[in-house]
Amino acid sequence: MKDALLISTLAYPAAGANGDCTSFDLGARTSPKGVFPGDPCLEIAYPLTTTLVDGKIITFTVQDSADNTTFVTTKQTATVTGATGNGNAAGTVRVRLSPSVRRYVNVNASVPADAGNNTAKSFTVSLVFGES
């Protein structure tokens, strides 16, 4: 189930840069070693991006934080690769959050220096419950 208030949209960063979507508050765990309510996952929707250079990869990395200020990269990633002179097709990927993820999460998008100008396109991250 998606909540319209738990959606963040961000333009792709310039080549050679990265950017973070707005963070999501998962709330308190149901127990100190338990899971977050609703079995949350992040859904990343990315557009057709014809300007993404062949073989270049935009990497989406989940980050977490205990205080919503200092974010640390987790091992959870998704990628989009330019191909056949047409960039990448539009798509959606879901990333199930690790049981050890901390209360606040966001997604960082990283674009290689030679990946072309993709700043006219945006990706969307949604916090989804109960559908991982």
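1. Thr-84 is placed in the loop between E6 and strand E7 (91–96). Its phi is near 50°, a positive value in a residue other than glycine. Most residues other than glycine have a negative phi. At 67% relative accessibility, Thr-84 counts as exposed.

2. The protein chain has an average pLDDT of 89, and 90% of the residues score at least 70. Where pLDDT is low, the predicted coordinates should not be read in detail.

3. A positive phi, near 65°, is also found at Asn-68, which is not a glycine. Asn-68 belongs to the loop between E5 and E6. With a relative accessible area of 33%, Asn-68 is partly exposed.

4. Is Thr-49, in a loop, buried or exposed? The residue lies between E4 and E5, yet its relative accessible area is 0%, and Thr-49 is therefore buried. Its side chain reaches the backbone oxygen of Pro-47 at 3.0 Å. Beyond its neighbours within four places in sequence, Thr-49 is in contact with Tyr-12, Asn-86, Gly-87, Asn-88, Asn-118 and Lys-121.

5. The largest nonpolar core holds 25 residues, and those touching the most other members are Phe-24, Leu-42, Phe-60, Leu-97, Val-107, Phe-123 and Val-125. Two or more residues each come from strand E4 (40–46), strand E5 (57–65), strand E6 (72–81), strand E8 (104–111) and strand E9 (122–129). The most are given by E8, with four residues. In soluble globular proteins, nonpolar side chains tend to be buried together.

6. Leaving aside neighbours within four places in sequence, its contacts include Phe-24, Leu-42 and Val-107. Val-125 is also in contact with Leu-6, Ile-7, Ser-8, Cys-21, Glu-43 and Ile-44.

7. How many disulfides are there? The count is zero. The cysteine sulfur nearest to that of Cys-21 belongs to Cys-41 and is 14 Å away, whereas a disulfide requires sulfur atoms within 2.5 Å. Both cysteines are buried: Cys-21 has a relative accessibility of 4%, and Cys-41 has a relative accessible area of 0%.

8. The count of salt bridges is four. In one of them, Asp-25 pairs with Arg-103, with the closest N and O atoms 2.6 Å apart. Because Asp-25 lies in strand E3 (residues 24–25) and Arg-103 in the loop between E7 and E8, this pair ties together parts that are 78 residues apart in sequence. Asp-25 is partly exposed at 36%, and Arg-103 is partly exposed at 35%.

9. Arg-94 and Glu-43 also meet in a salt bridge, at 2.9 Å from N to O. Arg-94 lies in strand E7 and Glu-43 in strand E4, so parts that are 51 residues apart in sequence are tied together. Arg-94 is partly exposed, with a relative accessible area of 34%, whereas Glu-43 is buried at 9%.

10. A further salt bridge joins the side chains of Arg-102 and Asp-64, at 3.1 Å from N to O. Since Arg-102 is in the loop between E7 and E8 and Asp-64 in strand E5, the pair ties together parts that are 38 residues apart in sequence. Arg-102 counts as partly exposed at 31% relative accessibility, while Asp-64 counts as buried at 8%.

Key: Residues numbered from 1 in each chain as written. Predicted model: local features only at pLDDT ≥ 70, side-chain atom pairs only at ≥ 80, totals over all residues. Heavy atoms only, no water. Buried < 20%, exposed > 50% of the residue type's maximum accessible area, 1.4 Å probe, protein only. Core = buried A, V, L, I, M, F, W, Y, C linked by side-chain atoms within 4.5 Å. Contact = heavy atoms within 4.5 Å. Polar contact = N/O pair within 3.5 Å; in protein donor to acceptor, adjacent residues only side chain to side chain. pLDDT = per-residue confidence, 0-100.
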